[in-house]
Amino acid sequence: GKSYLLFELYKNYLLKNDIEKNQIIEIALDDVENLEYRDPFKLNEYVKSKITNDKKYYVFIDEIQFSKSVKNPYIENDDEKVTFVDVLLGLMKRKNLDIYVTGSNSKMLSTDVLTQFRDRGDRINIYPLSFAEMSSCYDDKDKAWEDYYLCGGMPVVLEHKTFEEKSRYLKELFEETYIKDVIGRNKLANSEEVLDVLLDFVSSAVGSYTNPLKLSNRYASERKENISNNTIAKYLSYLEEAYILYAVKRYDIKGSKY
């Protein structure tokens with residue numbers, strides 16, 4: 001959804017509001033034609049080469065996580081790297097640039113990267129479709145609600161006709177994208193089953209108060225596995241960072257604190 005929002009909807013909005021085509025600088029780093037621009041120096045040169053006057057320019061960079069870290073040629077230390085973060089921070093200093101970047105939540109939206117842009121920009125999270133949006137594609141609203149509460153609001157669900165097809169798509173999306181992202185980013189060896197069970201436990205407790213200690217005890221009683229509450233708290237934080245889970249903190253009215 002993020003690429004479509006930027007390169008189709010927002011781009012068309014700009015064009016309809018008197019922004020000329022040459023004022024929109026766009027590049028998709030997941031395209032094979034743009035492999036050279038995965039080098040941060042080349043990406044910086046490309047964007048700057050498109051700026052020919054003092055007009056307002058809109059820079060669209062898609063799938064920024066494909067950008068690679070390269071050695072800083074001006075410093076002898078091999079650990080000194082140049083990344084897309086350096087490129088963006090440099091471009092942001094130009095007052096006539098309005099910069100938009102999309103990235104996978106496994107890389108671009110990690111908290112360590114977001115820290116670099118704190119107070120310098122805005123983050124836009126792309127969520128699944130709401131029921132109102134999904135139901136607009138149905139003639140039968142009862143059928144729309146039945147599909148929505150079972151399968152959720154991922155847009156591609158609408159392309160599948162049977163429940164089996166929808167279920168297979170969602171299972172593959174969850175296992176092949178979200179779970180592998182979490183495991184790969186956080187270097188969790190042999191943790192796929194643990195995460196899968198943890199998500200089952202948490203999902204079954206939606207609307208109920210739970211915490212890492214309770215979940216640890218449930219592993220011990222139901223799975224006969226000893227997983228510390230500290231490990232579970234760490235795994236939950238990884239799942240939150242990947243936007244798979246959202247924590248709703250309990251508010252203590254008497255103590256006026258969460």
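Of the 258 residues of the protein, 35% count as buried, where buried means under 20% relative accessible area, exposed over 50%, and partly exposed in between, with a 1.4 Å probe and protein chains only. This is a predicted model, in which local features need pLDDT of at least 70 and side-chain atom pairs count only at pLDDT 80 or more, while totals for chains, interfaces and linings use all residues. Residues are numbered from 1 along each chain as its sequence is written, and side-chain values use heavy atoms, with hydrogens and water left out.

Start with the overall layout. The protein has 10 helices and 5 strands. These are DSSP runs, numbered from the N terminus: helices are H or I with at least four residues, strands are E with at least two. The C-alpha trace spans about 65 × 60 × 45 Å along its principal axes. Contact means heavy atoms within 4.5 Å. Among contacts between residues at least 6 apart in sequence, 58% join residues at least 24 apart.

D142 and V47 are 95 residues apart along the chain, and their C-alpha atoms are separated by 49 Å. D142 sits in helix α6, residues 141-151. D142 counts as exposed, because its relative accessibility is 63%. S228 and E26 are 202 residues apart along the chain, with 47 Å between their C-alpha atoms. S228 belongs to the loop between α9 and α10. Its relative accessible area is 36%, so S228 is partly exposed.

Now the nonpolar cores. A nonpolar core is a set of buried Ala, Val, Leu, Ile, Met, Phe, Trp, Tyr and Cys residues joined through side-chain atoms within 4.5 Å. The largest one has 22 residues. Within this core, V182, L198, Y219 and L239 have the most contacts. The largest share, 7 residues, comes from α8. A second, separate core has 20 residues, including I27, Y57, V59 and L97.

Look at α8 next. Its buried residues are V194, L195, V197, L198, L199, F201 and V202. They pack against α7, α9 and α10. An α-helix has 3.6 residues a turn, so residues three or four places apart point the same way. The length of α8 can be checked too. The expected span of a helix is 1.5 Å times one less than its number of residues. For the 13 residues of α8 this gives 18 Å, and the end C-alpha atoms are 18 Å apart, so the two agree.

Helix α10 is the next stop. It also has 13 residues, which should span 18 Å, and its end C-alpha atoms are 18 Å apart, in agreement. In α10, I232, Y235, L236, Y238, L239 and E241 are buried. Take L239. Leaving aside neighbours within four places in sequence, L239 is in contact with V182, L195, L198, L199, I244 and L245.

How do α7 and α10 meet? Two packed helices are described by the angle between their axes and the distance between the axes. Helix α7 (residues 163-186) and helix α10 (residues 229-241) pack at an angle of about 120°, with axes 10 Å apart. Axes are lines fitted to C-alpha atoms, for helices over the stretch in contact, and angles run from 0 to 180 degrees between N-to-C directions. V182, R185 and N186 of α7 make the contact with Y238, L239 and E241 of α10. By class, the contact has 3 nonpolar, 1 polar and 2 charged residues. Here Ala, Val, Leu, Ile, Met, Phe, Trp, Tyr, Cys and Pro count as nonpolar, Asp, Glu, Lys and Arg as charged, and the others, Gly among them, as polar.

Next come the backbone details. Just after α10, Y243 takes a positive phi of about 65°, in a residue other than glycine. Y243 counts as partly exposed, because its relative accessibility is 22%. E63 also has a positive phi, near 60°. E63 lies in the loop between β2 (57-62) and β3 (70-71). With a relative accessible area of 11%, E63 is buried.

The walk ends at Y251, in the segment after α10. Its relative accessible area is 43%, so Y251 is partly exposed. Not counting residues up to four places away in sequence, Y251 touches S256, K257 and Y258. Y251 and N211 are 40 residues apart along the chain, and their C-alpha atoms are separated by 14 Å.
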